[in-house]
Amino acid sequence: QFHMIKYEDLRWSESLGQGSFTRIFKGSKIDIRDGERHVTDVLLKELDANHKNCWESFFEAASLMSQISHKHLLLVYGISVHRSKNVMVQEFIKCGALDLFLKREGSVSVSWKLDVAKQLASALNFLEEKNITHGNICAKNLLLAREGDASQGSSPFIKLSDPESIHAHWEWLRKVMIPWVAPEVLEAPERLELECDKWSFGATLWELFNGGQAPLQGLDLERKLQFYETYKQLPSSEWTELADLISQCMNYQPAFRPSCRSIIRQLNSLITSDYVILHAAEPLPD
Ligand SMILES: Nc1cnc(-c2cc(N)nc3[nH]ccc23)cn1
């Protein structure tokens, strides 16, 4: 269920860091189409050879995303297997991950943030219609294809990246993903259902309106587990309608979380509220 890319058609350029069990590089792939040579910028995700055991979950996550296409879902061109190296070839998204962008950019307007939130909600709506659970919604997995002019609110364009650790089949990996991972998934990963993405959407909305800061950052694992055990909510925004939407998404009862349609409806009413006008260019994250 994957397009296989010949290793010799790939070129590696600079390293862009590493994920969990992966090393990522900027690169290019070469196609010969109707006699012409096409060079495309790509992101090359190498899977550590000594993590072969998570090979199938690595490719399962990506193959899930490569079976469908949507303007806000990252395009996976295929994979290349060469000796002990497994490489996933993705489209290269110029501006990189949203969390880093928000940390770098002091002031992004409220309308810019709501635009990003709506794009993520429409990607989730598309996945919900296909009954596909992403399993790893967070600002780090949102890539900025176009920055837009954040302070003027000219529109950004985001793409949701592949879940990479969709089943997070290691207990410790799921714990590390607190508070993005839904509480019910923490002890039972097989309970990964559509509602889990709603919970993660809430945590990602919180990141978006808190300058890309990771929620509960600085808390050790023990405190993070207590956060769930004592049914805590994230610190709420002064904007009550936004705080309401975030806490609806992060409802400890999966069935009580809003549908994507309701999330989109609520985002639309946030966009028309006068809070947006009052906070045209957010000086600092609230
Ligand atoms: N599919 C993707 C994923 N990540 C990027 C990317 C872009 C950038 N400017 N800096 C980066 N630093 C790390 C990753 C990355 C691009 N495309």
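Start by selecting Met4, which sits in the segment before β1 (10-19). You are looking at a predicted model.

Together with Met4, Trp55 and Val81 make a nonpolar surface patch of about 270 Å².

**Next stop: a loop**

Select Asn53. This residue lies in the loop between β3 (36-47) and α1 (55-66). Is Asn53 buried or exposed, or partly exposed? Its relative accessibility is 48%, so Asn53 counts as partly exposed.

Draw a line from C-alpha to C-alpha. Asn53 and Ser107 are 43 Å apart in space. Along the sequence, 54 residues separate Asn53 from Ser107.

**The largest pocket**

Now look for empty space. A probe the size of a water molecule, rolled over the atoms, shows where such space is left.

The largest pocket has a volume of about 940 Å³. Its lining counts 38 residues. To find the centre, select Gly19, Ile24, Ala97, Lys140 and Asn141, the lining residues closest to it.

Then color by element. β1, β2 (22-33), β3, β5 (85-91), α2 (98-104) and α4 (171-176) each give two or more residues to this lining. Which element gives the largest share of the lining of the largest pocket? Select β1: it supplies four residues.

Switch to coloring by residue type. The lining of the largest pocket holds 17 nonpolar, 12 polar and nine charged residues.

**The second largest pocket**

Move on to the second largest pocket, with a volume of about 220 Å³. Here 13 residues form the lining. Select Pro183, Glu184, Glu187, Tyr228 and Tyr252, the lining residues closest to the centre of this pocket.

α4, α5 (183-187) and α7 (221-229) each supply at least two residues of the lining of the second largest pocket. Which of the elements gives the most to this lining? Select α5, with four residues.

α4 gives two or more residues to the lining of the largest pocket, and at least two to that of the second largest pocket.

Finish with residue type again. How does the lining of the second largest pocket divide? Seven of its residues are nonpolar, six are charged and no residue is polar.

Technical notes. Residues are numbered from 1 along each chain as its sequence is written. This is a predicted model: local features need pLDDT of at least 70, side-chain atom pairs count only at pLDDT 80 or more; totals for chains, interfaces and linings use all residues. Side-chain values use heavy atoms; hydrogens and water are left out. Patches are made of residues with over 30% relative accessible area and no salt bridge: like charges are joined within 9 Å, nonpolar side chains (Val, Leu, Ile, Met, Phe, Trp, Tyr) within 5 Å. Accessible areas come from the Shrake-Rupley method with a 1.4 Å probe; for residues, only the protein chains shown count as cover. A salt bridge is a side-chain nitrogen of Lys or Arg within 4 Å of a carboxyl oxygen of Asp or Glu. Buried means under 20% relative accessible area, exposed over 50%, partly exposed in between (1.4 Å probe, protein chains only). On a 1 Å grid over the protein atoms alone, a cavity is a set of points where a 1.4 Å probe fits but cannot get out, and a pocket is an open set with protein on both sides within 12 Å along at least five of seven lines; lining residues have an atom within 4 Å of a point. Grid points are joined across faces, edges and corners, and a volume is the space filled by probe spheres set on the points. Ala, Val, Leu, Ile, Met, Phe, Trp, Tyr, Cys and Pro count as nonpolar, Asp, Glu, Lys and Arg as charged, and the others, Gly among them, as polar.
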